[in-house]
Amino acid sequence: MKAMPEYDDDWDVPEDRDVPEYEEKSPAGKDPGDKHKKKLTWKTVLLALVVFAIVGSLVQVIARGGFGGALDTTGNGGGGAPKKGHPHERQEVRPPKQPKTIKLGNQRIPQASGPIIVLNPGLVTPGGKATVEGGGFGKKSTVDLLLKARASDTKGRAIGSVKTDRYGSIYARFTVPESNSGRPATLVAQQRGSANAAEAKVITGGAVGTARINKMVGRPGDIVMVSAHGFRPGESIDVFWGRTTGTPVTTLHTDSGGSVGRADIKVGVAPTGNSTLVLVGKRSKTTATAPFQMLAMYPSMKSKPYALKAGQRITLSANKFAPGERVLVYINRNSGLPAFTAQANGMGQIRDVAFNVPFGLKGRQTLMAIGDQSRAVVRSGFTVLPYSPSAEPSAFGGRAGTTLSFYVAGFAPGETVVAYAGSGSTGQRKIGTFQVDERGKASAVGSYRITAADENGVAFQLVGQKSGGIAKASINMSSGHGQND
């Protein structure tokens, strides 16, 4: 009896895989006609299953919209289509919730904070890339980015979506469509399933020119030399610093070749730090930009007198603000409505701006002046002294029925004074009201008739209704003389 061969599980040996031990031979001792066929093994089946799984996964990815994803929020990658829908579909734009506002100078500003987005750069060439960053959205939420051709549009083109971080902030890059050439558009960032939304203007130039500055660093009011090319011949060019709207700081004119060979201009007012010189052709809308570093400004301010009472007049002077800018002056805070505004002259100075110190301020006060455009800040202060009025009765003593009046001084000019007799919260009673003159004085006022209950003496308090100053006096029946403080 022939012995059975021992089982061999070493499938890495070629001869074990290709020529089984009991393969049938042809009568001539050769392999059968289908000699190149190999036995189907479990390893071949496993490989086929893996290939089918990979192909199936690719089919599912393509069926779900390809390989496009949300916008890269790390700043390391480019944008993409929104997770849902075609990247060029038009989505509904929810009207932004109108916040309550307060008036700051001649402008109204939101009373409370909300979502806000900022584009960088503010001026983008068609087909170019820009970044959008902002905050105030819900944390870990999805924010859709839509582009509206006009501010009044109720639908916008979906250009991407982005996930907020744990602070509700976003950062993403997107491409401005070529079709936006020469026309401003509006970028809308709206949070899914929420009323949170913010908008920002996307400013694009028609053609792009070139501009150069001989100085890359300076302060508002400095003189720099500018040259430009790529505009229309004989065209007027508006010059802006750090913006593209509003009133230009100056206007240049090109030569027959559409260039400006040399022009000396003043550096305009813009926030401290990285800024931009922007030239915009009035007819062609050609835009040219040049980077500029705006140096910090260090204004100074002083007030006089240093110490005074409420209602009295204080005078402020300051210098080294941006030439011609509006300066906002706050007392004890730097938000909300300013206490008042002042206009700097051509040298950045504010001269002898005066105001009356309001009643209700006591002790050390802080003054803060902020340049409306330069954002330059300076702090100063003054001290509000208390009113310490005095009162003297017309008689220091007397029997019941004797009538007293008072001579007072040291109150605020023209204020109303209320006189009280007695002491303590229960024993004090109002005995009269009178008004002092412009020097804070009054004579023979506040009539009081002595009663039998006053034989052991009575105290008086006279309180200024604006200044809060308190004058004290008393009469002592037993000693026959009075007291005053």
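Q: Which residues do ring pairs link into a cluster?
A: This is a predicted model. In it, ring pairs link Phe406, Tyr448 and Phe460 into a cluster.

Q: How are the rings of Tyr448 and Phe460 placed?
A: Their centres are 5.2 Å apart and their planes are at 75 degrees. Planes over 60 degrees apart count as edge-to-face, so this pair is edge-to-face.

Q: And which strands are Tyr448 and Phe460 in?
A: Tyr448 is in β31, residues 442-449. Phe460 is in β32, residues 458-464. The pair therefore ties together parts that are 12 residues apart in sequence.

Q: Is Tyr448 buried or exposed? What about Phe460, buried or exposed?
A: Tyr448 is buried, at 6% relative accessible area. Phe460 is buried too, at 1%.

Q: How many aromatic pairs does a search of the whole structure find?
A: Five. One of them is Trp241 with Phe292. Their ring centres are 5.0 Å apart and the planes are at 70 degrees, so that pair is edge-to-face.

Q: How many residues apart in sequence are the parts that the Trp241 and Phe292 pair ties together?
A: They are 51 residues apart. Trp241 belongs to strand β14, residues 236-241, and Phe292 to strand β18. Trp241 is buried at 2% relative accessibility. Phe292 is buried at 3%.

Q: Switching to the sheet. What is the strand order in the open sheet of five strands?
A: The order is β12-β18-β17-β14-β15, with mixed pairing.

Q: Which strands stand at the edges?
A: β12 (217-218) and β15 (250-253) do. Each has a single partner strand, so one side of each is left without a neighbour in the sheet.

Q: How do β17 and β18 run, parallel or antiparallel?
A: Antiparallel, with eight bridges joining them. β17 covers residues 273-281 and β18 covers 287-294. Gly273 stands opposite Met294 in β18.

Q: New topic. Where does Gln349 lie?
A: In the loop between β23 (340-343) and β24 (350-356). Gln349 is buried, because its relative accessible area is 17% and the cut-off for buried is under 20%.

Q: What joins the side chains of Gln349 and Arg351?
A: A polar contact of 3.0 Å. Beyond its neighbours within four places in sequence, Gln349 is in contact with Ala318, Asn319, Gln343 and Ala344.

Q: Last one. Which residue lies over the face of Tyr387?
A: Lys309, at 5.0 Å from the ring centre.

Notes: Residues numbered from 1 in each chain as written. Predicted model: local features only at pLDDT ≥ 70, side-chain atom pairs only at ≥ 80, totals over all residues. Heavy atoms only, no water. Helix = DSSP H or I, 4+ residues; strand = E, 2+ residues; numbered from the N terminus. Buried < 20%, exposed > 50% of the residue type's maximum accessible area, 1.4 Å probe, protein only. Polar contact = N/O pair within 3.5 Å; in protein donor to acceptor, adjacent residues only side chain to side chain. Contact = heavy atoms within 4.5 Å. Pairing = 2+ DSSP bridges. Phe/Tyr/Trp six-rings, centres within 6.5 Å; stacked < 30°, edge-to-face > 60°. Lys NZ or Arg CZ within 6 Å of the ring centre and 35° of its normal.
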